[in-house]
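Reader: I am new to reading structures, and I would like to understand where the words used for them come from. Could we go through a few of them together?

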Amino acid sequence: MSRAPPAESGLGPLMIYGTAWKENKTEELTESAMEHGFSGVDTANYPTAYNEPLAGKAIAAALRRGLKREHLFIQSKFTPVWAHDKDRIPFNPDQDIEGQVRESIAQTLKHLEVGYVDALLLHVPFEKDDDNITAWKVFETFVPERIRYLGVSNIHLPQLQSIYAAATVKPVIVQNRFYKETSFDLDVRTFCADHCITYQAFWMLAHNPKVLESAVVSSVADKLQVEKGLAFYVLILCLGNTQVLNGTTKTERMAKDTETIKLVFEDAVLLKELEPSVADFKKLLWELASKNNQR
């Protein structure tokens with residue numbers, strides 16, 4: 001059964017299903033996620049952590065059930081050779097970067113069984129900045145016919161600035177770990193806000209114990225009658241121009257998470273009521289980031 005798409009940001013759904021580390025359960029879990037309201041899927045042509053072909057089978061099943069392709073946001077990644085397990089590189093590593101990128105993208109389109117992907121990210125930067133630009137220029141040749149949008153992941157501000165300056169097709173997505181050790185990416189998120197780039201947060205729940213146990217997260221969880229993790233997601237999304245990756249393996253969580261995000265972000269009165277909590281959340285992030293920078 002096809003479900004209505006959830007609340008959206010300026011670029012796709014507010015919450016995207018993360019398929020990393022699902023291994024042989026990737027198809028089952030991804031299909032279940034879409035059945036329970038997810039309309040965004042994040043994967044990668046990176047066999048060390050993703051089973052992209054099984055994600056593709058789940059997407060194909062959802063489309064057969066009646067989910068419209070235009071209601072589905074499909075995102076994948078190209079990973080440079082250095083970041084792969086040396087025994088699990090999916091493309092020929094002996095060719096030049098252009099050849100590697102083209103072969104990897106062709107594999108992704110075949111794996112996902114679609115004519116185009118909504119977004120392709122540079123999974124991690126190359127070891128040399130010039131190589132980032134070389135790969136990016138190849139990415140651009142696929143836009144807009146086979147790839148709608150481009151982005152980057154696991155990136156620091158200087159690398160992002162370099163790619164942005166050199167790009168003809170500008171990055172519109174940054175997908176990074178959101179936790180204290182990177183000061184919650186305050187500098188990167190500021191750049192994103194200034195350049196109309198959507199920030200995708202991941203690695204939130206297991207790596208932010210102080211935030212999860214904070215008074216502000218607890219108060220929002222109580223107000224919405226949800227678990228603290230979901231309240232944390234809501235607060236991140238309330239920062240604006242953000243998306244969150246959610247890789248839950250529990251079907252009851254899938255349904256609750258998508259229903260809550262839809263409820264909150266389609267209710268202007270509720271969002272207004274949450275504004276004081278969002279201000280407290282921003283203050284908390286700033287305080288924790290400041291302590292991290294002083295170490």
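Author: Let us begin with S277: leaving aside its neighbours within four places in sequence, S277 is in contact with V216, S219, V220 and L235. Please keep in mind that this is a predicted model.

Reader: In which helix is S277 found, and why is S277 called buried?

Author: S277 is found in helix 11, which spans residues 268-294. The relative accessible area of S277 is 15%, and buried means under 20%, so S277 is called buried.

Reader: What makes strand 4 largely enclosed by the rest of the structure?

Author: In strand 4, which covers residues 117-122, six of the six residues are buried, and therefore the strand is described as largely enclosed by the rest of the structure.

Reader: How do you know that strand 3 and strand 4 pair?

Author: Two strands pair if at least two bridges are found between them, and strand 3 (residues 73-78) and strand 4 are joined over four bridges in the parallel sense. As one example of a bridge, K77 has L121 in strand 4 as its partner.

Reader: Why are helix 4 and helix 5 called oblique to each other?

Author: The axes of helix 4 (residues 129-140) and helix 5 (residues 157-166) come within 10 Å and cross at roughly 45 degrees. Angles under 35 degrees count as roughly parallel and 65 to 115 as roughly perpendicular, so helix 4 and helix 5 are oblique to each other.

Reader: Which residues of helix 4 and helix 5 make the contact?

Author: Helix 4 contributes D129, N132, I133, W136 and K137, while helix 5 contributes Q159, S162, I163 and A166. By kind, the residues of this contact are four nonpolar, three polar and two charged.

Conventions:
Residues numbered from 1 in each chain as written. Predicted model: local features only at pLDDT ≥ 70, side-chain atom pairs only at ≥ 80, totals over all residues. Heavy atoms only, no water. Axes fitted to C-alpha atoms, helices over the stretch in contact; angles between N-to-C directions. Helix = DSSP H or I, 4+ residues; strand = E, 2+ residues; numbered from the N terminus. Parallel < 35°, antiparallel > 145°, perpendicular 65-115°, else oblique. Contact = heavy atoms within 4.5 Å. Nonpolar A, V, L, I, M, F, W, Y, C, P; charged D, E, K, R; others polar. Buried < 20%, exposed > 50% of the residue type's maximum accessible area, 1.4 Å probe, protein only.
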